[in-house]
Amino acid sequence: MPAKSKAQQKAAGAALAAKRGETRKGDQREPSKQMYESMSEKELEELAGTRHKGKPEHKD
């Protein structure tokens, strides 16, 4: 599942870093925390790895 916006991609990257132990879960903002808890590492990799060319900053 590709990311729909740059903000979603960034949140997935932050959640992925927390899931891998590179950052603390408590340092995450709410969208990243929800992704951390509800998605697998593979799903987060897919979202974070989406090309961001042509994506809006935020989804309307």
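The model is predicted, so local features need pLDDT of at least 70, side-chain atom pairs count only at pLDDT 80 or more, and totals for chains, interfaces and linings use all residues. Residues are numbered from 1 along each chain as its sequence is written, and side-chain values use heavy atoms, with hydrogens and water left out.

Start with the empty space. Rolling a probe the size of a water molecule over the atoms shows where such space is left. A pocket here is an open set of points on a 1 Å grid over the protein atoms alone, where a 1.4 Å probe fits, with protein on both sides within 12 Å along at least five of seven lines; lining residues have an atom within 4 Å of a point. The largest pocket holds about 180 Å³. That volume is the space filled by probe spheres set on the points, which are joined across faces, edges and corners.

Ala7, Gln8, Ala11, Arg29, Pro31, Ser32, Gln34 and Met35 form the lining. Helix 1 (6–19) and helix 2 (30–38) each supply at least two of its residues. Helices are DSSP runs (H or I, at least four residues), numbered from the N terminus. Helix 2 gives the most, with 4 residues. By type, the lining has 4 nonpolar, 3 polar and 1 charged. Ala, Val, Leu, Ile, Met, Phe, Trp, Tyr, Cys and Pro count as nonpolar, Asp, Glu, Lys and Arg as charged, and the others, Gly among them, as polar.

Now step to Ser5, in the segment before helix 1. Ser5 counts as buried because its relative accessibility is 6%; buried means under 20% relative accessible area, exposed over 50%, partly exposed in between (1.4 Å probe, protein chains only). The Ser5 side chain reaches the backbone nitrogen of Gln8 at 3.2 Å.

Charged pairs come next. The whole structure has 3 salt bridges (a side-chain nitrogen of Lys or Arg within 4 Å of a carboxyl oxygen of Asp or Glu). Glu41 meets Arg20 at 3.2 Å, N to O. Glu41 sits in helix 3 (residues 41–48) and Arg20 in the loop between helix 1 and helix 2, 21 residues apart. Glu45 also pairs with Arg20, at 2.7 Å, N to O. Glu45 lies in helix 3, 25 residues from Arg20. Lys42 and Glu46 make a salt bridge at 3.7 Å, both within helix 3 and 4 residues apart, about one turn. Shared partners join Arg20, Glu41 and Glu45 into one network.

Conventions. Polar contact = N/O pair within 3.5 Å; in protein donor to acceptor, adjacent residues only side chain to side chain.
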